[in-house]
Amino acid sequence: MTGAGLGSLAIIGKWFLLSLAGLTAICGAGCALLARRERAVSVGLGSLALLLTLATVADLVNAHYGYLPRFDDVIGVQSWPTASAHEIVGQAPRPHPDGSVVGLPVTGVHSGFGTQEALVYFPPQYFTESHTRFPVVYLLHGSPGVPVDWYRGGQAAQVGAMLAHDGQPAILVAPRLSHGWLDDSECVDRPGEHVETYLVDDVIPTVDARLRTIPDRADRILAGMSAGGYCALNLGLRHRDLIATIVDMSGMTRPTHDGGMAGLFGNRPDLAFVAAANTPALYALALLPDPPMRVWLDCGRGDRESLDDTRNMALTLSRRPGFTTVLRLRPGGHDFNVWRPALRDGLQWAVPTASPASTDRHTRVLQHLHARVAAA
């Protein structure tokens with residue numbers, strides 16, 4: 001997505017490192033020619049200068065985008081708890097007081113997207129309450145970006161633990177929405193890559209089949225930041241039968257692929273129609289009131305890319321019957337310094353509070369689903 005922000009510091013750092021390494025190599029070669037007799041000294045000073053330069057640049061980039069908020073993340077140590085897949089299905093798993101993150105392979109049976117690993121946060125109750133089912137939040141990463149961005153930059157595991165301890169336990173699923181960091185899928189079905197189908201027909205059914213979820217639209221939430229914010233808004237509004245709540249953080253309200261609409265959807269006779277059908281700024285004006293939707297729109301006041309789109313979408317949806325809309329503007333720009341608190345606040349609003357009444361409703365939903373399966 002053009003100008004959609006830098007979802008992964010690793011990409012930024014890679015290009016900085018490559019550029020600086022190239023410049024350093026050129027300078028080093030020149031120094032070697034001019035100071036052969038002081039080679040050891042030159043190499044030592046050059047290495048020190050390189051390390052200091054790289055550290056300074058990495059620190060400046062990281063400070064700007066707020067991608068690695070903890071020292072553990074900076075040095076490559078995971079700052080979130082993990083568990084094995086066996087513990088998720090085991091009869092007597094060990095307690096995880098803050099919950100844990102587990103990798104879940106999801107095969108693109110319907111989409112042909114291949115098998116990709118989703119990073120799933122399980123609340124502590126998942127390990128101790130073996131018969132309880134939980135709502136699911138689908139975390140849609142940005143572009144450039146990968147699922148782990150949610151746990152590094154977004155501190156999703158910490159947010160999940162906070163929700164669980166406040167009586168709002170939820171499963172957080174961060175699926176892979178592109179084949180590479182720089183692949184701008186915009187979560188649509190395009191030639192050779194059907195990401196919308198992957199999420200709707202592969203990821204959600206796999207999660208419901210393999211995990212103790214509440215398989216009901218009222219307990220599914222799409223949350224995204226930057227390009228993922230557009231994904232959450234567009235897919236949530238296009239699939240209201242599956243999704244009841246959207247948390248859009250700094251997302252655009254239209255596809256903005258570098259290659260234009262033909263580059264995104266391919267050259268096809270109905271290109272204008274398909275592009276419009278994936279442009280919330282256009283179709284939101286005519287959305288019907290049923291089924292009801294809840295939409296949290298969040299953006300930094302200094303975000304030149306998304307602020308106007310966010311405000312306009314909030315105004316549009318607030319005028320539509322059947323929509324509960326919240327607009328939250330906060331200090332900051334298009335970075336994790338905005339998305340971390342936005343994720344926390346948005347999910348506190350979006351995730352239902354566990355209660356006996358909700359448990360009864362979940363039981364009725366499951367009984368209804370079992371009855372439908374039996375009738376079929």
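User: Let's start with Trp339: buried or exposed?
Analyst: Trp339 is buried, with a relative accessible area of 1%. Buried means under 20% relative accessible area, exposed over 50% and partly exposed in between, with a 1.4 Å probe and protein chains only. This is a predicted model, where local features need pLDDT of at least 70, side-chain atom pairs count only at pLDDT 80 or more, and totals for chains, interfaces and linings use all residues. Residues are numbered from 1 along each chain as its sequence is written, and side-chain values use heavy atoms, with hydrogens and water left out.
User: OK, how many aromatic pairs does the structure hold?
Analyst: There are 8 aromatic pairs. Rings of Phe, Tyr and Trp (its six-membered ring) pair if their centres lie within 6.5 Å; planes under 30 degrees apart count as stacked, over 60 as edge-to-face and the rest as tilted.
User: What about Tyr126 and Phe127?
Analyst: Their ring centres are 6.3 Å apart and the planes sit at 70 degrees, so that pair is edge-to-face. Tyr126 is buried at 4% relative accessibility, and Phe127 is buried too, at 5%.
User: Which residues are in the cluster linked by ring pairs?
Analyst: Phe122, Tyr126, Phe127 and Phe134.
User: Switching to charges: what sits over the ring of Tyr126?
Analyst: The charged end of Arg212, 4.0 Å from the ring centre. A charge sits over a ring if NZ of Lys or CZ of Arg is within 6 Å of the ring centre and within 35 degrees of the ring normal. Arg294 has its charged end over the ring of Trp349, 4.2 Å from the centre.
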